[in-house]
Amino acid sequence: MARPNRLSGPLFALIVALSLGAGSMAALGTSPAVAADAALPAWDGGINLYREGTFTTQKSWLWCTAADVQIIHNIVEGANDHTTTGQRRYFAWMRDHNKYALPESAGVDPQGWTAGLRHFVDDRYRLVASRSFELALASAVTNLRRTNLPVAVAVAHGGHGWVLTGFTATADPLRTSSFTVTSVRVVGPLFGLQSKNGYDMRPNTKLTAAQFRSFFTAWHYDPKPMIWDGLSVSIQPIPPKAAPVPSPKPAAVPPTPAPTLAPTAIPSPSPSPTATLSTPPAASASAAAIAVAAAASSAFLGTGAPEDASVATSGPGASLLVLILTALAIVGTLVWRVAGPIGRRPRSAR
């Protein structure tokens with residue numbers, strides 16, 4: 001990685017792990033007000049994971065991300081690896097997992113850096129893009145507290161990489177989200193190779209939140225615009241969410257047997273979901289004639305039949321009824337022609 005005061009190319013690129021609308025607070029996972037893990041240290045106003053013997057200077061101007069992985073590995077595993085061979089291995093492996101095909105002078109981008117931390121340290125590491133310094137810092141210290149693992153941060157607009165190893169706050173982030181970070185502890189792998197303009201200070205340096213803000217600046221890459229421009233980039237150990245408790249299944253209810261339906265007189269179903277009015281077998285011809293006459297009267301008056309009813313007009317009974325009514329109509333016509341309409345005066349009365 002190039003010197004931070006000579007930012008000629010990117011040494012980090014951000015693969016946005018969270019939507020911009022959610023910001024980095026989504027990376028907090030479940031609510032911080034959770035029961036303390038027995039393996040986590042007691043809260044005494046702050047946490048500091050750094051220990052003597054874990055720091056190593058980057059062996060090349062390009063290997064800050066590799067040195068960061070080496071330092072974090074030393075802290076987490078209790079190791080004391082400071083070899084050039086180790087850093088070279090980390091650097092080559094992470095470049096093979098870059099998101100973009102970058103020249104070697106551009107080093108490792110955030111996807112490769114995240115992959116390296118997941119592969120060589122802990123698979124809970126995730127890349128986090130934050131819309132503001134405040135959100136980035138809050139999520140970083142919360143996840144550090146919840147996992148007891150360091151956080152990697154892209155500083156100098158993505159031109160260099162540091163390790164956040166500790167912090168102090170007004171309240172325990174494990175218990176509440178209402179806290180203010182008062183200081184941080186940082187490690188920069190350039191120490192021993194260069195210490196200029198703050199890049200890099202002695203390991204385990206304490207900075208106020210305001211001082212840290214001047215280093216933990218938003219991503220900007222001069223050669224071309226990138227979708228993570230203006231975002232604060234960090235790689236945080238994010239614990240998985242607790243598995244949801246399955247809801248109890250309702251007791252099995254035996255199926256209710258379908259009621260047995262008596263066969264209907266008409267085997268063919270009605271084409272529409274309406275009730276069918278049929279004449280009972282014992283009905284007389286006169287009763288049938290009255291029913292048909294009533295239907296005819298309704299049609300003539302314009303009232304019609306109800307929308308949820310229909311009159312059956314098929315079958316032998318209906319045919320016989322039509323013949324009877326036809327015969328009655330013929331007889332009635334003949335009688336009317338002979339006797340004249342009711343109320344007509346006879347000729348003799350004129």
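Two strands are taken to pair if DSSP finds at least two bridges between them; helices (H or I, at least four residues) and strands (E, at least two) are DSSP runs, numbered from the N terminus. In these terms, Arg185 stands opposite Lys206 in β6. The strands β5 and β6 pair in the antiparallel sense, over four bridges.

The model is a predicted one, in which local features need pLDDT of at least 70 and side-chain atom pairs count only at pLDDT 80 or more, while totals for chains, interfaces and linings use all residues. Residues are numbered from 1 along each chain as its sequence is written, and side-chain values use heavy atoms, with hydrogens and water left out.

The protein has seven helices and nine strands. Of its 350 residues, 40% count as buried, where buried means under 20% relative accessible area, exposed over 50% and partly exposed in between (1.4 Å probe, protein chains only). The accessible surface comes to about 19700 Å², and carbon and sulfur atoms hold 60% of this area; accessible areas come from the Shrake-Rupley method with a 1.4 Å probe, and for residues only the protein chains shown count as cover. Among contacts (heavy atoms within 4.5 Å) in the protein with a separation of 6 or more, 69% join residues 24 or more positions apart.

The confidence of the predictor in each residue is given by pLDDT, from 0 to 100. The protein averages a pLDDT of 73, and 58% of the residues score at least 70. Over residues 242-315 pLDDT stays under 50, and the model has 23 contacts beyond four places in sequence for this stretch. Residues 338-350 also stay under 50, with three such contacts.

The side chains of β6 alternate along the strand. The loop between β5 (181-187) and β6 (205-208) contains Met201. Met201 counts as partly exposed because its relative accessibility is 23%. Not counting residues up to four places away in sequence, Met201 touches Trp162, Gly188, Phe191, Leu207 and Phe215. Of these, Gly188 is 13 residues from Met201 in sequence, and the two C-alpha atoms are 6.6 Å apart.

Thr217 is placed in the loop between α5 (209-213) and β7 (232-237). With 15% relative accessibility, Thr217 counts as buried. Leaving aside neighbours within four places in sequence, Thr217 is in contact with Ala154, Ala156 and His157. The side chain of Thr217 reaches the backbone nitrogen of His157 at 2.8 Å.

The structure holds 11 aromatic pairs. Rings of Phe, Tyr and Trp (its six-membered ring) pair if their centres lie within 6.5 Å; planes under 30 degrees apart count as stacked, over 60 as edge-to-face and the rest as tilted. Trp63 and Phe91 form a tilted pair, at 6.0 Å centre to centre and with 35° between the planes. Trp63 lies in the loop between β1 (46-48) and α1 (64-77) and Phe91 in helix α2 (residues 84-95), so the pair ties together parts that are 28 residues apart in sequence. Trp63 is buried at 11% relative accessibility, and Phe91 is buried with a relative accessible area of 5%. Tyr90, Trp93 and Phe120 form one aromatic cluster.

Definitions and conventions: A polar contact is a pair of N or O atoms within 3.5 Å; within protein, one must be able to donate a hydrogen and the other to accept it, and residues adjacent in sequence count only if both atoms are side-chain atoms.
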